[in-house]
Amino acid sequence: MVTYLDVAATTRVDPRVADVVMHWMTEDFGNAGSRTHEYGTRAKRAVQEAREYLAGTVHAEPDELIFTSGATESNNIALLGLAPHGEQTGRRHIITSAIEHKAVIEPLEHLQSRGFEVDFIKPGSSGRVPVEAVMERLRPDTLLVSLMHVNNETGVVQPVAELAQLLSATPTYLHVDAAQGYGKVPQDLTAPIDMISVSGHKIGAPKGVGMLVIRRRGWDRLPLQPIMFGGGQERKLRPGTLPVPLIMGLAEAAKIFAKGHAQWHRNAVGLRTRLLEALAKTRFRINGDQDHAVPHILNLSFDGVDAEALIVMLKQHVAVATGSACTSASYTPSHVLTAMGLPEEVAENGLRLSWFPSQAADLDVEELAARIAWMQPDSA
């Protein structure tokens, strides 16, 4: 049995969630946009209940949430949808970090080609962007700050809640890519963040569903413009038939994760402790500030060991990756570890381990450590 240690990429769908999805695919299969028959009425009612619950998890109102296909789409709607307002008002300055997911970096690079100025802050070796580094770059023409909640490669938690409080008193909006943090560090996302992107498959929902929270400021809605067209669904910001089964799966997964969060956290910490104790027989460094990190993601560099060779050697034992699933096939140094200013040999050989405790409970940490130690030069 190969233990899956790559849940930062995706988490197995909970069987209870799968049952809910199947019900809405085969039994209550109505279109939530239909008002002329009972099937559509039931679907519409169910979607509204899901919207109410999910909005409540981040202390938002139901009409401040739209459903999307995941955080990548949510990020694009947030960043590109706000751009016309920046162009109209002359506020073309954006602040972000150099360790964002490509789903944020690439839309912002597109905006650079449209005349926007983007500050990419490098966080230093801690992997945590200081609030002061953001605030000192704030200008009268700063339209937006976009900062991820939890880094997908290092697990370092960014100070988004503190930043939200400071920016709420300014005209600058805050967008947070919470793909890795939603459900894991729930209190942060109740802060007055203007836009929050979420992917369902990080908490056990099916792939292909997520949400974008778009909070009002007082009575005012954020001046987002649609980037896709073809229907009036989802506040005219996201056209297309609502995927009712996926939405119901997202809501069910969020409920299950919230109910089991305390146990999840204890088990994640327990596995982390066992893993690090076993790895003490190897020579390694942990990349990222461990005083501000989620308990289920570790980024490790092993002295004298090529990460790609290690992955091949371990593939019959554990499933791991060198970084983001979206870039891990490229065999290039991690842009996250590089932006942290780590030595080249560290950035090239960072190994990301991430786990859902129940899926990794049978991991033989001693065998894993022994295999890694065997690969290190001068190993005993």
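Predicted model: local features only at pLDDT ≥ 70, side-chain atom pairs only at ≥ 80, totals over all residues.
Residues are numbered from 1 along each chain as its sequence is written, and side-chain values use heavy atoms, with hydrogens and water left out. Local features need pLDDT of at least 70 and side-chain atom pairs count only at pLDDT 80 or more, while totals for chains, interfaces and linings use all residues.

The protein has twelve helices and twelve strands; these are DSSP runs numbered from the N terminus, helices being H or I of at least four residues and strands E of at least two. Its radius of gyration is 21 Å, close to the 21 Å from the globule rule for 380 residues, so the protein is as compact as a globular protein of that length. That radius is taken over C-alpha atoms, and the rule is 2.2 Å times the number of residues to the power 0.38. Along the principal axes, the C-alpha atoms fill a box of roughly 70 × 55 × 35 Å. Contact means heavy atoms within 4.5 Å; of the contacts with a separation of 6 or more, 74% join residues 24 or more positions apart.

Of the 380 residues, 55% are buried, where buried means under 20% relative accessible area, exposed over 50% and partly exposed in between (1.4 Å probe, protein chains only). In soluble globular proteins, nonpolar side chains tend to be buried together. A nonpolar core here is a set of buried Ala, Val, Leu, Ile, Met, Phe, Trp, Tyr and Cys residues joined through side-chain atoms within 4.5 Å. The largest has 51 residues, and L54, Y182 and I193 have the most contacts inside it. Helix α7 (residues 244–259) gives the most to this core, with nine residues. A second, separate core of 24 residues includes L5, V305, V318 and V365. Leaving out residues up to four places away in sequence, I193 touches V160, A164, L174, V176, D188 and R215.

The loop between β8 (210–214) and α7 holds R217, as well as E234 and R235. R217 is partly exposed, at 22% relative accessible area. Beyond residues up to four places away in sequence, R217 touches L167, S168, T170, P171, T172, Y173 and D194. R217 and D194 are 23 residues apart in sequence and 7.8 Å apart in space, C-alpha to C-alpha.

E234 is not a glycine, yet has a positive phi of about 50°. R235, also a residue other than glycine, has a positive phi near 55°. E234 counts as buried at 7% relative accessibility, whereas R235 counts as partly exposed at 30%.
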